[in-house]
Every structure is written in C-alpha cells, then in structure tokens.
Amino acid sequence: MKITEKEVGYVAELANLSLTDEEVHRFQADLDEILGHVERLKGVDTAGVEPMAQVLYAAADTVTWRADRERPPLGTDLALANAPQPGDGYFKVPKVIER
Amino acid sequence: MDIQSLTIAQIREGLLARRFSAVELARETLHSAEARNASTNAYLRFSPERACDAAARVDAQIARGEEPGPLAGVPVAVKDVILTKGLHTTCASKLLADYVPPYDATAITRIEGAGGVIIGKTNCDEFAMGSSNENSAFGPVRNPLAPDRVPGGSSGGSAAAVAEGTAVLALGSDTGGSIRQPASFCGVVGVTPTYGRVSRYGLTAFASSLDHIGPLARTVRDAAVLLHTIAGRDPMDATSAEAPVPDYTQSLNGNVKGLKLGLPREYLKDLTSETGDLIAAGVETLRRLGCEVREISLPATDYAIACYYIIATAEASSNLARYDGVRYTFRSENSGTLSAMYRNTRGEGFGAECKRRIMLGTYVLSAGYYDAYYLKAQKVRALIYQDFARAFAEVDAIVAPVSPFPAFKLGEKIDDPLAMYLSDIYTITGSLAGIPCMSVPCGKTADGLPVGMQILARHFDESTMFRLAGAFERARAN
C-alpha cells in the first residue's frame, strides 16, 4: 500500500480540505492506484538531467518583462465585488484573535 | 441562411452583400443555441446583450463603409474558464457559481476587437479537470453526434457547440489534451498552440506550466483565423512570447510534397482497431499528397501519464489554494473559525475530481516526497521534451492519433480515475513539451463516431501544422 487512510487525512489537512469519511476511504483507494502507476518513474535514468520547470526553459529569448509603468488598478469596489463578506474596503473573515 | 455550417468567409460575404446583418445572425444563432441546449447542455450561460451590442457595432461599421475586422459578426462560444467582464464565469464549479469577473481575458478583448460576437459560455469539466465533461457541477455535456456518449473534455461544451453548429468558433483551454481530445470526439478542428503563443491573461489557472488557450472550429481555415486573432505577445502575461505571428491562412494552400513526417511507434500500440485503421488511412492520404512518412520513436512516452499527473496536480494544488472563502463568492455556512471556513468552503465547494487532484498534488509536494515525485517528474518532463527535439531534427512534423478510442459512453469511465487519466496518453506528451498540436477530423467509425488525427510541429511552427492540416482537409473533401 502506497498511502494509508491516516495519511490521506494528513494530506487533507495540509490542503485545507474537509473530507467525509467516505471521501477519505475513496481517495485512499484512488490515490493508491494512481501512485502505483507513478511508481514507474523510479526506473527512469535521470542522472545528469536538469529538471524542466516550464517549457520556455530552453528558449529564454522569448521570455520578456513588461515595461514597469503604472497603470490604473481595478479599484476597491470592483476588487471586492465578488467577496462573500466585504466591508469597509476589506475582505472580512471570521475572527482570528479574541480580545 | 443555414447557420449550422457557416464559415467565417461566408459570414463576411453575407454581411458585405447585405444579405443578413450581424445582429440578425447573432439573434438566430442564440435562438438555435438555446433550443439545442436542452439536449446537449453545451452552454452554461448565454450573453444576448453582449452579443447584440457587438453585432450592432459590426453592422454600424459596415454601414459606414469601414473594415469590420477579420471576425466580423462571427458567433464565438467561450469555455467557462476564460474570464468575461460582467458575464458569469463559473469554471463549471459550485465554488464559482456566482462569480462575475471584473475584467476580460486578453483573448476575449482581441476577439471582440476583431469583430467577433461572444454568444455564451460553454460547459466544461470543473476547473478544466477531466477528459469527459462529466465533472461539471452543472451536469455533463452530451456528444451532439451520439447523445449517449461524452463529447470529451475538458472543453466538451466548446467542441459540442461547434459540432452542433450553434457557434462558428469556440475558445477552449488545453492543459493535457482538453482541446484536441473533445475536438476528436466531436469531429471538429481543435488547436493547442505553442506554449506562450496565446496570452493566458484571464484564463483561470489550473497548471500554469501547461495551460494553453486555443481555438475550435469546423474548418482548418477558421481555426487558423481565430488563432491569428488571439496570438501574440501580451504584457499582461509574462509567459507570452515575443515571436512574430505569421498569417496562418497563407500556409493553408501550401504544397506538402516532400514534407518529412514522423509516425511514433509508441502511439500505435494501444489503439482500438477502428481508430488504428482510420489513422492508418489518414497517414496514407498524407503519403499520397507526397509527404515522406517514416516511423520514429519517442521512448519516454511510457512515462508521460505519470509525469503529467504529478506536475499538473502539484501546480493545481497551488493554483486552487486561492478558493478559500475569502475572495471568490462562495463561503461555507459552517465558517465559525478561519480554519473551519477554509476547510469547509473547499470541502463543500469542490467536486470529487478537483479534490482528488488537490490531494494528489499536495501529497507529491509534501515534505519527504518532493524529490521522489515532483523533482523526478520535472526531470522526466525534460526527457519527453528531448524526445521531441531529437525527432524534429529529422522530421518536419509528427502525425499520431489523438485518443486511443472514439467517444465513450457517459458513465463508462467516471468511476475509474486512473483509466480516465490513461486515455490522455497521446495528447499529454505534446502538452508537456509545449509544442503546437492539433486535431483534424480523420473519418468516422462504423457507428458514426468521429476520430481525429493529431499533427504536432516544432515550437512556434504552427504554419507547418496548418499547411499539413489544410492539405489533408482538402484531400479528404475531394
């Protein structure tokens, strides 16, 4: 077994994901099967191979920065328009620290 | 007018000859799309006001004798992971059911700037994660050619809309095959451009090193026109390339005689017999056109699925971390504490496939596993890239199947995630290498199910890809 239900619970905590017991059970089986398939990478000889973080790694000429000029921002109203709980120009969240 | 088979050129001709107006075309298209939607569920939302405004601008330009743009009056459907200002963009997720973007994606701005008419947002797999469009929070899409079958995914709604004729063009997004595979399943043309060719500004991020925006269309020419419209450097996307954008339509009528094509032997062993026969016949057509076809080997192919599902899920686990109940519309009612808000918003908001991928991605990035999984996958990705670099030293393009099989039945694979992942094998390699690839219709099975042939080319050499696709389409039409 590649992954236990306990580890699934731990990973769910890292991912800030509440899972039902049924989901934990299901994902243990799914992840176990997928990780079993992924095992095959262990057999690949990658000695001396540079990791490829993204496609343009071999084409640095195409990577360019935009000019560092100011441009109008979205503005607070638009930026907050999709907030579940906006208020006073901020995103509000449940209280974190009791006074 | 027969709106179901219209091309960009026919629309232009009809508008300039005053046989119909852009507003009339937009209204009729919307009417037919709304009527069809009960059967295919290809659209999540229509945008009649926006469409009629855009169409009216085109009509006014024509009335004033001005050039109305290369997409004048052309109805375009947009995958619902691409932001449209003021028009709901849900990513087919419960989490974003009420999300209204504050800005337009660059691709949208360019389409409307060229006279295109956005008629609605298309259904897809949630956050573009899936190969069947069954992972939508708003119900699956049905394949317009076979209603008991999937349209493919994740851009299933876009492919279905073009196939059923309720849009002339559609935008899709492709991370591991999400444009090419549904194009293949629905019998339309689907293009994944070179990584960096099209700005992703306004594309909801799934796996940033793999995400592309690309066109779906009924003809190779129409796909080429749409790609030309949306391609090119955008200061808002640092990964968009400076490379000059040629007029791809100039390549379409080019001679393909003497072009060297590679047929990767690793892509031919797991096909259903009908798919294998259709691809073989497609290759034969290219041979008759004068292409030199030779067998090549891409030995790292066997590791592509494992490599992709580590890298893509790792990036997804990071990109999807932002949906935590603070900024994006949905917040769980069980949000007594900050931590409960995060966990419950995400637990209630994400569907099963998104959760599965967030879990896998979090696992492979977690302490103690990073080197064995993520770093290893990045190295294997370099090997896949090098496979293609070696191949393109001897051939001008590669031809291959898109999928091992045609459209499967709804429900057939949804309970077996690994089987679903494995079906992406022939599209994932090109995505990992970042090369341009496309699906062109290559005949149908005895049951009438379309099969697409894939054409892959060198970085930024979409022109050769379109030249081949154009010649192939012409040869098949005769």
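This is a predicted model: local features need pLDDT of at least 70, side-chain atom pairs count only at pLDDT 80 or more; totals for chains, interfaces and linings use all residues.
The contact between the chains comes first. On the side of chain B, 60 residues take part, and they meet 45 residues of chain A. Five helices of chain B each give two or more residues to this side: H9 (304–319), H10 (338–349), H11 (352–365), H12 (371–394) and H13 (417–422). H12(B) contributes the most, with eleven residues. By residue class, the side of chain B that touches chain A holds 33 nonpolar, 16 polar and eleven charged residues.

Lys376(B) belongs to helix H12 of chain B. Val188(B) is 188 residues away from Lys376(B) along the chain, and the C-alpha atoms of the two are separated by 36 Å.

In chain A, helix H2 was examined in more detail. H2(A) has 18 residues. From its first C-alpha to its last it reaches 25 Å, close to the 26 Å expected at 1.5 Å a residue. Its buried residues are Phe27(A), Gln28(A), Asp30(A), Leu31(A), Ile34(A), Leu35(A) and Val38(A). The cover over these residues comes from both chains. It includes H1 of chain A, and also H9, H11, H12 and H13 of chain B.

Two packed helices are described by the angle between their axes and the distance between the axes. The axes of H1(A), residues 5–14, and H2(A), residues 21–38, come within 9 Å and cross at roughly 105°. H1(A) is therefore roughly perpendicular to H2(A), as the angle falls in the range from 65 to 115 degrees. H1(A) brings Glu5(A), Val8(A) and Gly9(A) to the contact. H2(A) brings Val24(A), His25(A), Phe27(A), Gln28(A) and Leu31(A). Four residues of this contact are nonpolar, three are polar and one is charged. Phe27(A), Gln28(A) and Leu31(A) are also among the buried residues of H2(A).

In chain B, helix H8 covers residues 273–288. The buried residues of H8(B) are Thr275(B), Leu278(B), Ile279(B), Gly282(B) and Leu286(B). They lie on the same side of H8(B), because they cover an arc of only 95° around the axis. An α-helix has 3.6 residues a turn, so residues three or four places apart point the same way. Exposed residues sit on the face of H8(B) turned away from the buried side: Ser273(B), Glu284(B), Arg287(B) and Arg288(B). Strands and a helix of chain B cover the buried residues of H8(B). These include strands S7 (260–264), S8 (292–296), S9 (397–401), S10 (437–444) and S11 (450–457), together with helix H15 (462–477). After H8(B) comes Gly290(B), with a positive phi near 105°.

Several loops also have backbone features to report. In chain A, Asp88(A) has a positive phi of about 55°, although it is not a glycine. Asp88(A) lies in the loop between strand S1 (86–87) and strand S2 (90–91). This residue is exposed, because its count is 7 C-beta neighbours inside 10 Å and exposure requires 12 or fewer. In chain B, Ala128(B) also has a positive phi, about 65°, and is not a glycine. Ala128(B) is in the loop between S3 and H5. With 29 C-beta neighbours inside 10 Å, Ala128(B) is buried.

Ser154(B) is found in the loop between S3 (117–122) and H5 (156–164) of chain B. The peptide bond leading from Gly153(B) to Ser154(B) is cis, with omega near 5°.

A further loop of chain B, between S9 and H13, holds Phe408(B). Phe408(B) is buried, with 22 other C-beta atoms within 10 Å. Not counting residues up to four places away in sequence, Phe408(B) touches Arg149(B), Val150(B) and Lys413(B). Leu449(B) is 41 residues from Phe408(B) along the chain, and their C-alpha atoms are separated by 9.5 Å.

Key. Residues are numbered from 1 along each chain as its sequence is written. Chains are lettered from A and ligands numbered from 1 in the order in which they are written. Helices (H or I, at least four residues) and strands (E, at least two) are DSSP runs, numbered from the N terminus. The expected span of a helix is 1.5 Å times one less than its number of residues. A residue is buried if 20 or more other C-beta atoms lie within 10 Å of its own, exposed if 12 or fewer, and partly exposed in between; C-beta atoms are placed from the backbone. The arc is that of the directions from the helix axis to the C-beta atoms. Two residues are in contact if their C-beta atoms, placed from the backbone, lie within 7 Å. Axes are lines fitted to C-alpha atoms, for helices over the stretch in contact, and angles run from 0 to 180 degrees between N-to-C directions. Angles under 35 degrees count as roughly parallel, over 145 as roughly antiparallel, 65 to 115 as roughly perpendicular and the rest as oblique. Ala, Val, Leu, Ile, Met, Phe, Trp, Tyr, Cys and Pro count as nonpolar, Asp, Glu, Lys and Arg as charged, and the others, Gly among them, as polar.
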